[in-house]
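This report goes through the side-chain contacts of one structure, taking the nonpolar core, the aromatic rings and the charged groups in turn.

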Amino acid sequence: MKKTILIFIFAFTSSFIYAQVDTQSGSQHLRIGANFFKDNANIKVVYNHGLSEMFSVGGGVYVLNDSYGFIRGDFYLDSVVSLPENLNVFGGIELGVIGIDFLDIEPQLGIAYSISNHIDLFLEVGNTGTIGLSFKF
């Protein structure tokens, strides 16, 4: 797994495409990705709204096998750690309800790479893992 992540990071940081990750206050992102690290594969759809340069909140759903909704908060590390402008690292937590009687808490660590001014490629790992695209508007 570590080799896969390192190859992923190398492949996209060595690209000649240049874009800047947008984490400014008021930014809006729609993330759509495939969730594949758990027993059941799901599609994950998330809306994030930037509250500041370092923090965003949002909500989303998992659909297909384990359908449920959640709220989330993300802390962006690019304002604390020096990173290339087209790369962003973030950590966060999701709080969701599965069915009526089960509360799910999922921490995650993610990386986003801007492939254009409005599209990011992202990878999140934690209790579950998701890879997909993020659309900025």
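## Nonpolar core

A nonpolar core is here a set of buried Ala, Val, Leu, Ile, Met, Phe, Trp, Tyr and Cys residues joined through side-chain atoms within 4.5 Å. In this predicted model, the largest such core has 5 residues: Leu 87, Val 89, Ile 111, Tyr 113 and Leu 123. At least two of the core residues come from strand E5 (87–98), and at least two from strand E6 (102–114).

## Aromatic pairs

There are 4 aromatic pairs in the structure. One of them joins Tyr 62 and Tyr 68, with ring centres 4.9 Å apart and planes at 35°, so this pair is tilted. Tyr 62 and Tyr 68 are both buried. A cluster linked by ring pairs contains Tyr 62, Tyr 68 and Phe 70.

Tyr 76 and Phe 90 also form a tilted pair, because their planes stand at 50°, with the ring centres 5.7 Å apart. Tyr 76 belongs to strand E4 (residues 68–76) and Phe 90 to strand E5, so the contact ties together parts 14 residues apart in sequence. The relative accessible area is 5% for Tyr 76, which is buried, and 0% for Phe 90, also buried.

## Arg 31 and its contacts

Which ring faces does Arg 31 lie over? Phe 90 is one, with Arg 31 at 4.5 Å from the ring centre. Phe 122 is another, with Arg 31 at 5.4 Å from the ring centre.

Arg 31 also forms a salt bridge with the side chain of Glu 124, at 3.5 Å from N to O. Arg 31 lies in strand E1 (residues 28–35) and Glu 124 in strand E7 (residues 119–126), so the bridge ties together parts 93 residues apart in sequence. Arg 31 is buried at a relative accessible area of 4%, and Glu 124 is buried at 2%.

## Salt-bridge network

The whole structure contains 8 salt bridges. In one of them, the side chains of Lys 44 and Glu 94 meet at 2.6 Å, N to O. Lys 44 is in strand E2 (residues 42–50) and Glu 94 in strand E5, so this pair ties together parts 50 residues apart in sequence. Lys 44 counts as buried at 3% relative accessibility, and Glu 94 counts as buried at 3%.

Another salt bridge joins the side chains of Arg 72 and Asp 74 at 3.0 Å, N to O. Arg 72 counts as buried, at 4% relative accessibility, and Asp 74 counts as buried, at 0%. Through shared partners, salt bridges join Arg 31, Lys 44, Arg 72, Asp 74, Glu 94 and Glu 124 into one network.

Definitions and conventions: Residues numbered from 1 in each chain as written. Predicted model: local features only at pLDDT ≥ 70, side-chain atom pairs only at ≥ 80, totals over all residues. Heavy atoms only, no water. Buried < 20%, exposed > 50% of the residue type's maximum accessible area, 1.4 Å probe, protein only. Helix = DSSP H or I, 4+ residues; strand = E, 2+ residues; numbered from the N terminus. Phe/Tyr/Trp six-rings, centres within 6.5 Å; stacked < 30°, edge-to-face > 60°. Lys NZ or Arg CZ within 6 Å of the ring centre and 35° of its normal. Salt bridge = Lys/Arg side-chain N within 4 Å of Asp/Glu carboxyl O.
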